[in-house]
Amino acid sequence: MPRTRFILLACCCFGIAFAAGPSAAGLARSIREASLDPDECYRVRDVRLQKEDIRVYLTDGYLIFSKPVAGARRSAVFAAEVEGGDGEVLLMPPTRGERQSLALFTQSANMDEHFQAALMIFTDGSAGALIERITQDGSGRKARDIGAVLAEKWSPVMTNVQNGFQIRMIQDILAPEAGGLDKEGGMWFLAMSSRQAGNFDMLYDPRAREQIVAGQLSERNGRATYNIWTSFAALKSRRDPPKPRDPWYAISGFQIDAALDQDLRMKAVTRAHIRVGKHDLRVFPIEVSQAMQVDSVKIDGAPGELFFQDSVRGRALRGSDNDAFLVIAPDTLAAGSEHEFEFAHQGAVITPAGNGVFFVGARANWYPRLPEGFATYDLTFHYPKRLTLVSVGDLADDRTEGEVRITRWKTPVPVRLAGFNLGDYEKVSANLAGYKVEVYGNRHLEAALQPKSPLPAMDLPKVPRYRLTPEPEAAVSPVIPDPNARLRVVAADVSAALDFYTSRFGPPALKTLTVAPIPGTFGQGFPGLVYLSTMAYLNPNERPPEMRDSSHQVFFSELLEAHEVAHQWWGNVVTGSSIQEEWLTEALSSYSALLFLEKKKGAKAMEQVLDGYRDHLMQKDPDGRTIEAAGPITWGGRLASSGNPEAWRTITYEKGAWILHMLRRRMGDERFLKMLAELRRRYEFRGISTGDFRSLAREFLPPRTKSEVIDGFFDNWVYATGIPSLKLQFSVKGAAPAVKLTGTVTQTGVDDDFSTDVPVEVQFAKGGTQIIWVSSSSDPTPFSATLKQLPSRVAIAPGSVLKTR
Ligand SMILES: [Zn+2]
């Protein structure tokens with residue numbers, strides 16, 4: 001770094017126009033044009049490459065390097081195009097869950113694949129080091145003759161794969177680590193071609209939370225998708241968990257001016273207040289919805305460069321749905337300095353749902369932002385005055401100019417992100433002690449919920465699609481559901497939930513909570529703003545027939561709004577530390593909704609919902625596998641690609657609720673609630689990981705309980721799969737005050753190494769109960785106790801552990 005600075009100064013002194021560094025477009029061009037170099041082709045034997053858990057052997061074949069880009073060679077191709085040529089890669093995932101995951105895709109819990117060809121991209125200087133090593137130790141000798149043939153054959157393949165990594169390669173070339181060199185934070189990417197497994201990838205990325213990923217680009221329903229086979233923290237960080245990396249930069253405030261035209265297409269200017277991290281920085285990775293087009297960026301008023309080139313593979317390996325792009329500053333910005341980035345962007349993020357109802361598509365990423373961090377927002381919206389627009393924070397301005405209404409919203413404290421919603425609304429407000437709740441509902445019914453036009457008499461189904469009124473002529477004109485039938489009920493419920501959670505988890509971050517409808521069957525809880533399914537606003541008997549079973553009715557009438565309100569704490573005060581930890585905030589919100597239901601309707605109502613969750617988890621797919629067996633809850637989005645599309649939702653929300661419920665039963669109500677309050681206190685405005693949560697849970701075990709109980713609990717319920725069948729047998733001998741209870745707990749239907757603490761509940765005739773915790777295993781586990789009086793009932797405590805019926 002000092003050298004660069006010196007040159008820069010020297011240039012300035014002599015008054016020569018100076019370009020601070022290469023442009024991203026220029027780098028991208030050199031990456032595209034850097035074909036394989038026939039002069040750097042080697043015949044190689046027994047070359048070993050290792051990065052943490054990844055071991056690669058280039059046993060016999062040719063290795064050809066690409067031409068340099070920005071002074072260094074960054075990629076290579078290995079081709080086993082010789083008699084008996086071969087390469088081999090070994091990878092052993094460290095946990096049972098990850099071995100299960102790998103086996104799901106490759107039929108083997110550990111990877112030992114032979115490959116005929118491998119394409120490698122290194123952004124950490126490894127390519128240069130490799131050339132040096134193989135020429136020195138003799139494992140490689142120049143093979144120029146074949147170089148030209150290989151270069152011609154493999155260059156197009158390399159260019160193609162490399163195109164998907166341009167963003168990352170440019171970032172690393174311009175990276176701040178080690179002052180502009182890319183050694184420390186650089187990655188290794190290998191794409192291999194094997195007879196057995198087809199084409200597959202392996203990535204080592206020191207900047208990721210889980211540094212090692214293996215996966216495969218595939219096609220589903222004509223669309224490119226990416227399957228993550230396994231993903232885990234590398235050897236070194238498992239032994240010695242690294243401190244979270246300092247972010248390259250942070251955004252502390254947003255000022256957004258967004259205008260919606262008559263067609264509700266958005267044109268916006270987003271000003272982001274940026275603070276550079278510990279290193280001087282020129283390249284700024286940012287994310288935005290794919291529906292948004294970013295037209296320009298200015299840095300402190302001067303034009304900056306934008307670079308876009310994201311790919312399906314790039315997004316999957318980064319664990320993101322958003323498009324990443326780069327902002328490249330004309331000059332390097334000094335560590336710790338503050339700047340204003342001004343983006344002009346536009347796009348269609350709002351789609352009409354018919355009848356004056358709208359669907360906001362890009363809710364979390366309609367403006368350029370970072371996936372993590374808290375910032376203040378100052379938002380101004382211009383929109384057709386026939387509509388009402390709601391956003392987050394306090395309404396600072398509200399005026400109409402001609403046909404345009406202008407509202408301005410300011411958050412009093414930093415929040416995780418800012419959303420907005422709009423429509424032709426009716427509103428109900430409620431004031432709680434110190435808080436304001438505003439619930440909006442659509443005045444009209446979206447097209448999808450409109451009763452279908454009457455069918456000819458002969459085709460009339462036995463059960464009408466919508467409630468019919470008794471008048472004969474009305475029998476063919478179904479009643480139109482009232483889109484605001486439950487507006488007041490929703491407002492009362494949201495207020496009660498906000499009150500209940502505040503008493504348990506402390507105050508929410510914002511004092512105003514706005515709820516507004518979204519067409520569809522889901523909800524989303526953003527800071528200060530909840531999107532609530534339009535279904536929740538309908539009378540239960542006016543919901544579509546397929547939504548009228550009790551589990552849908554409870555979901556739309558009781559659980560959904562309570563879940564979304566709970567996100568004001570779980571997700572907006574305490575956040576998941578990465579996308580892999582998303583299950584935590586979802587499970588916490590789901591279980592908070594159950595706590596609220598229990599308070600409103602009693603324990604039985606909560607247990608019925610949990611029973612339903614168990615039945616969903618035990619549902620079998622055509623192969624006879626249960627939904628729950630798709631994978632551990634910590635796999636997150638990977639559960640969606642594991643074959644059963646319902647698996648992600650059911651495991652995250654419903655098994656997640658069970659996990660918390662079982663923790664509650666293991667700890668006792670008081671300790672469990674204290675833990676939740678402490679979770680909020682300790683991790684306020686911070687990210688929490690599964691490991692952090694496990695450590696916290698250890699602190700709230702009942703006295704004289706070994707902390708291993710928590711490790712066992714997490715190993716079996718969180719990091720692995722399985723729902724056991726449990727049987728209790730017991731006998732009672734002797735008389736009071738020395739009654740001898742002996743018995744066994746037998747576990748079946750799970751892997752041999754599964755184990756859980758089973759609460760054996762002893763009830764006494766004179767009242768009172770006692771719990772004996774028995775650790776289940778593949779062999780029947782004996783237990784015994786001496787009781788002071790005869791028990792009236794001995795059973796596995798109902799509803800306390802997730803087991804088959
Ligand atoms: Zn949620």
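## Close-up views of selected sites

**View 1. Phe730 is partly exposed, with a relative accessible area of 38%.** Here buried means under 20% relative accessible area, exposed over 50% and partly exposed in between (1.4 Å probe, protein chains only). The structure is a predicted model, in which local features need pLDDT of at least 70 and side-chain atom pairs count only at pLDDT 80 or more, while totals for chains, interfaces and linings use all residues. Residues are numbered from 1 along each chain as its sequence is written, and side-chain values use heavy atoms, with hydrogens and water left out. Phe730 belongs to strand β34, which covers residues 725-733. Helices (H or I, at least four residues) and strands (E, at least two) are DSSP runs, numbered from the N terminus.

**View 2. Phe730, Val732 and Leu790 make a nonpolar surface patch of about 250 Å².** Patches consist of residues with over 30% relative accessible area and no salt bridge; like charges are joined within 9 Å, and nonpolar side chains (Val, Leu, Ile, Met, Phe, Trp, Tyr) within 5 Å. Accessible areas come from the Shrake-Rupley method with a 1.4 Å probe, and for residues only the protein chains shown count as cover. Strand β34 also holds Lys733, which is exposed, with a relative accessible area of 61%. Between Lys733 and Leu790 there are 9.1 Å in space, C-alpha to C-alpha, although the two are 57 residues apart in sequence.

**View 3. Three residues, His563, His567 and Glu586, coordinate the zinc ion.** The donor atoms are NE2 of His563, NE2 of His567 and OE of Glu586, at 2.0 to 2.1 Å. Donors are N, O and S atoms within 2.8 Å of the metal (3.2 Å for Na, K and Ca); water is not among the atoms, so sites may look incomplete. Along the chain, the donors of the zinc ion follow the spacing H-x3-H-x18-E. His563 in helix α10 (residues 550-566) and Glu586 in helix α11 (residues 582-601) are 23 residues apart, and the pair links distant parts of the chain. Both His563 and Glu586 are buried.

**View 4. Phe122 and Trp188 form an edge-to-face ring pair.** The structure holds 34 aromatic pairs. Rings of Phe, Tyr and Trp (its six-membered ring) pair if their centres lie within 6.5 Å; planes under 30 degrees apart count as stacked, over 60 as edge-to-face and the rest as tilted. The ring centres of Phe122 and Trp188 are 5.3 Å apart and the planes stand at 80°, so this pair is edge-to-face. Phe122 in strand β6 (residues 117-122) and Trp188 in strand β8 (residues 188-194) are 66 residues apart, and the pair links distant parts of the chain. Phe122 and Trp188 are both buried.

**View 5. Tyr501 and Trp569 also form an edge-to-face pair.** Their ring centres lie 5.6 Å apart, with the planes at 70°. Tyr501 is in helix α9 (residues 487-505) and Trp569 in the loop between α10 and β32 (574-576), so the pair ties together parts that are 68 residues apart in sequence. Both Tyr501 and Trp569 are buried.

**View 6. Arg666 lies over the face of Trp773.** The distance from Arg666 to the ring centre of Trp773 is 4.0 Å. A charge sits over a ring if NZ of Lys or CZ of Arg is within 6 Å of the ring centre and within 35 degrees of the ring normal. Arg363 lies over the face of Tyr531, at 5.8 Å from the ring centre.

**View 7. Arg168 and Asp172 meet in a salt bridge.** A salt bridge is a side-chain nitrogen of Lys or Arg within 4 Å of a carboxyl oxygen of Asp or Glu, and 50 of these bridges are found in the whole structure. In this one, the N to O distance is 3.0 Å. Arg168 and Asp172 are four residues apart in helix α6 (residues 166-173), and therefore separated by about one helical turn. Arg168 is buried at 14% relative accessible area, and Asp172 is buried at 1%.
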